[in-house]
Amino acid sequence: MHLMEVKKIEFTLLLVFLIINLISLKKIYISSDHAGYKLKEIIKKHLLKKKMNYFDLGPSSNNRVDYPDYAHKVARKVKISRNNVGILVCGSGMGMNIAANKHKNIRAAQCFNLKSTKLSRLHNDANIITLGSRLLTKKNALNCVSVFLDTKFEGGRHLKRIKKI
């Protein structure tokens, strides 16, 4: 084999390795409606401080929008990979939750405090957190986001239950 052929093979293997690693990285998708826009922007700053990258799927202002449109955008992205997660914010958190949970393999959890957030990940393998901007303080919302992103699914007896959904 010539040196050029060996280098081409090495380059191809490196490229495959990089693509596999990029696919397996956790991706965070975030969106809101008009009522959740301000809190979404605060959460984005929080993620940047933690050196976490995210994809903002809109909206880009607090002009009135329909929350299902944005919940569906995030749900479609999250279900692409097991490593993807979503953050949805509306006035109550409930509308986004209902819309996102219409998607197969989406387990959106409306979280109110650290315990509900932690359990949503540990026991339910939630892949989207929904937050109510009118129901949570800024501090509580940011703490919930941090717990959601830092908590891993326990698996075990819970996996059997998840498979029944």
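Buried means under 20% relative accessible area, exposed over 50%, and partly exposed in between, with a 1.4 Å probe and protein chains only. The model is predicted, and local features need pLDDT of at least 70, side-chain atom pairs count only at pLDDT 80 or more, and totals for chains, interfaces and linings use all residues. Residues are numbered from 1 along each chain as its sequence is written, and side-chain values use heavy atoms, with hydrogens and water left out.

**View 1. Overall layout of the protein chain.** The secondary structure comes to seven helices and five strands, where helices (H or I, at least four residues) and strands (E, at least two) are DSSP runs numbered from the N terminus. From the N terminus on, the elements run α-β-α-β-α-β-α-β-α-β-α-α. Along the principal axes, the C-alpha atoms fill a box of roughly 65 × 40 × 30 Å. Of the 165 residues in the protein chain, 43% are buried.

**View 2. The positive patch on the surface.** Lys38, Lys45, Lys49 and Lys138 gather in a surface patch of positive charge. Patches are made of residues with over 30% relative accessible area and no salt bridge, like charges being joined within 9 Å and nonpolar side chains (Val, Leu, Ile, Met, Phe, Trp, Tyr) within 5 Å. Lys and Arg count as positive and Asp and Glu as negative, while His and the chain ends are not counted; the place of a charge is taken as NZ of Lys, CZ of Arg, CG of Asp or CD of Glu. Helix 2 (residues 37–49) supplies the largest share of the patch, three residues. Lysine 38 lies in helix 2 and counts as exposed because its relative accessibility is 65%.

**View 3. The largest nonpolar core.** This core has 21 residues, and those with the most contacts inside it are Ile43, Leu47, Ile87, Leu131 and Leu149. Two or more residues each come from strand 1 (28–32), helix 2, strand 3 (85–90), strand 5 (128–132) and helix 6 (138–150). Helix 6 gives the most, with six residues. A nonpolar core is a set of buried Ala, Val, Leu, Ile, Met, Phe, Trp, Tyr and Cys residues joined through side-chain atoms within 4.5 Å.

View 4. A salt bridge is a side-chain nitrogen of Lys or Arg within 4 Å of a carboxyl oxygen of Asp or Glu; the whole structure has eight. Lys40, Glu41, Lys44 and Asp56 are linked in a network of such bridges. Glutamate 41 meets lysine 40 at 3.7 Å, N to O, and lysine 44 at 3.1 Å, N to O. Glutamate 41 and lysine 44 are separated by about one helical turn because they are three residues apart in helix 2. Lysine 40 is buried at a relative accessible area of 0%, and lysine 44 is buried at 13%, whereas glutamate 41 is partly exposed at 23%.

**View 5. The salt bridge between aspartate 150 and lysine 50.** The closest N and O atoms of this pair are 3.6 Å apart. The bridge links distant parts of the chain, with aspartate 150 in helix 6 and lysine 50 in the loop between helix 2 and strand 2 (55–56), 100 residues apart. Aspartate 150 is exposed at 51% relative accessibility, and lysine 50 is partly exposed at 33%.

**View 6. Alanine 108 in strand 4.** Alanine 108 is found in strand 4 (residues 108–110) and is buried, with a relative accessible area of 11%.

How values were computed. Accessible areas come from the Shrake-Rupley method with a 1.4 Å probe; for residues, only the protein chains shown count as cover.
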